[in-house]
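Hi,

Here is the structure I promised to pass on. Have a look at it first, and my notes on what I found follow below.

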Amino acid sequence: MSRGRSPRTPRRTPRSRFDRSVLIAASVTVLSLAASGCVVVHGEREVLPGATRAEAAQALTDFTAAYNKADKAYDRSLDADYVTGALGAIDAARLDAGRVNNPAGNPSYVPLEFTDPKFTIPKKAGWPRWFVADADANKGDEARWLLVFTRSNVAEPWAVAYLTLVAPGDVPAFKTDKDGFAEPVTPDSAELAVPPKDLSADYAAFLKDGTGDVFAPGVHTSAWVAQREKSAIKPGLVTQYIDEPLVKDDFAPLGLRTADGGALVFFATHHYEKQTAALGTSIPEQSDSVRALTKGEIKQSLTLEFVSNQAVIDPGKGAANQGVEFLSRIQGLTAAQGE
């Protein structure tokens, strides 16, 4: 698995797919800001830590420096080597929109700073390697920032594929060995309520009607479905949704075994929202960021494309509660099309 300098862009859903969709849903506002089911591509068989603690600390320092340069200049090329996967797609679009609206750079720039970093490093054979950084930051209120660093070979810099914000008390205790290294879970693990490789597809399916018992009730599951249903049709405006799994390459899931037998799993999904105005009416006014990412002219419809990354607790099989619980979900607009 290799990465280019630019984040992978999920494919665009043709407009006709909305016409076939029976799902009508409402616009909802969610958090916006921040892989590896890949097969082993090298022949190593020895189980080793993904990084030393010193390497992990340096990776966080390097990412922060690159992120701040890119954020200050609104220039995606300045941190392209240090982001990938879901965060890469979200970050690139954010910077592109910022540059359109502020060509001279970010007028409200405040450098991101991390304190009290903790590193959870799994042992595994072969590549890609990865680890999780958990830190306080000067942004995001009191939340802890969870950053998942990955790389496919020693020549690459460490890049962040997933970024979520979690309340300090919600960061789980991990299963570790005598040296303090964590245990990764495989994408097809049969020891969990849901194999990590299935979470993205299961979540996309759940959002269509909210049925099934895979996910525990909460803000990002039952409440989101209810909000969509409540606001699906407004005077002069209909909103449709399509939700898709996102699991290939740098978007594949990653999981760490928790001390209680479950796992903390990071996974990504792909979402489309199409707003269609009735004849004689118009699409609601959009923000500067949306307009900056919109291709075409907004006349009677606007299709918004999002990438979302989430952190969940996937319980072990046999646990009393088998529902997958969301700790955090962050999504960002990555493209838009007006018609």
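Before the strand pairings, one definition: two strands count as paired if DSSP finds at least two bridges between them. Please also keep in mind that this is a predicted model.

**Strand E8 and its partners**

By that rule, strand E8 pairs with strand E10 (residues 263-277) in the antiparallel sense, over 10 bridges. If you want a place to look, Val 238 has Thr 276 of E10 as its bridge partner. E8 also runs antiparallel to strand E7 (residues 233-234), and two bridges join them. E7 and E8 form a hairpin with two residues between them, and in its turn Gly 236 has a positive phi of about 80°.

Is E8 enclosed or open to the outside? Of its 10 residues (237-246), eight are buried, so the rest of the structure largely encloses this strand. Buried here means under 20% relative accessible area.

**Helix H4**

E8 turns up again around helix H4 (residues 196-209). The buried residues of H4 are Pro 196, Leu 199, Ser 200, Tyr 203, Ala 204, Phe 206 and Leu 207. The elements that cover them include helix H5 (222-230), E8, E10, strand E12 (301-314) and strand E13 (325-338). In general, an α-helix has 3.6 residues a turn, so residues three or four places apart point the same way. Just after H4, Gly 210 takes a positive phi of about 75°.

Another part to look at is an open sheet of four strands, in the order E2-E4-E5-E6, with antiparallel pairing. Its edge strands are E2 and E6 (159-166), each of which pairs on one side only. On average, and with direction ignored, neighbouring strands of this sheet are turned by 25° against each other. Between E5 and E6, which run antiparallel, there are seven bridges; in E6, Thr 164 is the bridge partner of Leu 146.

Helix H2 lies across E2, E4, E5 and E6, and runs at about 135° to E2. H2 (residues 53-73) also meets helix H3 (residues 85-101): their axes come within 9 Å and cross at roughly 30°. That angle makes H2 roughly parallel to H3, because angles under 35 degrees count as such. On the H2 side the contact is made by Phe 63, Tyr 67, Ala 70, Asp 71 and Ala 73, and on the H3 side by Leu 87, Asp 91, Arg 94, Leu 95 and Arg 99. These residues divide into six nonpolar, no polar and four charged.

**Aromatic pairs**

The count of aromatic pairs comes to 13. In one of them, the ring centres of Phe 63 and Phe 149 are 6.1 Å apart and the planes stand at 85°, so the pair is edge-to-face. Phe 63 belongs to H2 and Phe 149 to strand E5 (residues 144-151), so this pair ties together parts that are 86 residues apart in sequence. Both Phe 63 and Phe 149 are buried. They also belong to one aromatic cluster, formed by Phe 63, Tyr 67, Phe 119, Phe 131, Phe 149 and Trp 158.

Tyr 203 and Phe 215 form an edge-to-face pair as well, with 5.5 Å from centre to centre and 65° between the planes. Tyr 203 is in H4 and Phe 215 in the loop between H4 and H5, so the pair ties together parts 12 residues apart in sequence. Tyr 203 counts as buried at 0% relative accessibility, and Phe 215 is buried with a relative accessible area of 6%.

**Backbone points to check**

Most residues other than glycine have a negative phi, and most peptide bonds are trans. Which places depart from that?

- Asp 116 has a positive phi near 50°. This residue is found in strand E2 (residues 114-120) and is partly exposed, with a relative accessible area of 40%.
- Asp 249 has a positive phi of about 55°. Its place is in the loop between E8 and strand E9 (254-257), and at 37% relative accessibility Asp 249 counts as partly exposed.
- The peptide bond from Trp 127 to Pro 128 is cis, with omega near 0°. Pro 128 lies in the loop between strand E3 (123-125) and strand E4 (129-137).

Best wishes

Methods:
Residues numbered from 1 in each chain as written. Predicted model: local features only at pLDDT ≥ 70, side-chain atom pairs only at ≥ 80, totals over all residues. Heavy atoms only, no water. Buried < 20%, exposed > 50% of the residue type's maximum accessible area, 1.4 Å probe, protein only. Axes fitted to C-alpha atoms, helices over the stretch in contact; angles between N-to-C directions. Parallel < 35°, antiparallel > 145°, perpendicular 65-115°, else oblique. Contact = heavy atoms within 4.5 Å. Nonpolar A, V, L, I, M, F, W, Y, C, P; charged D, E, K, R; others polar. Phe/Tyr/Trp six-rings, centres within 6.5 Å; stacked < 30°, edge-to-face > 60°.
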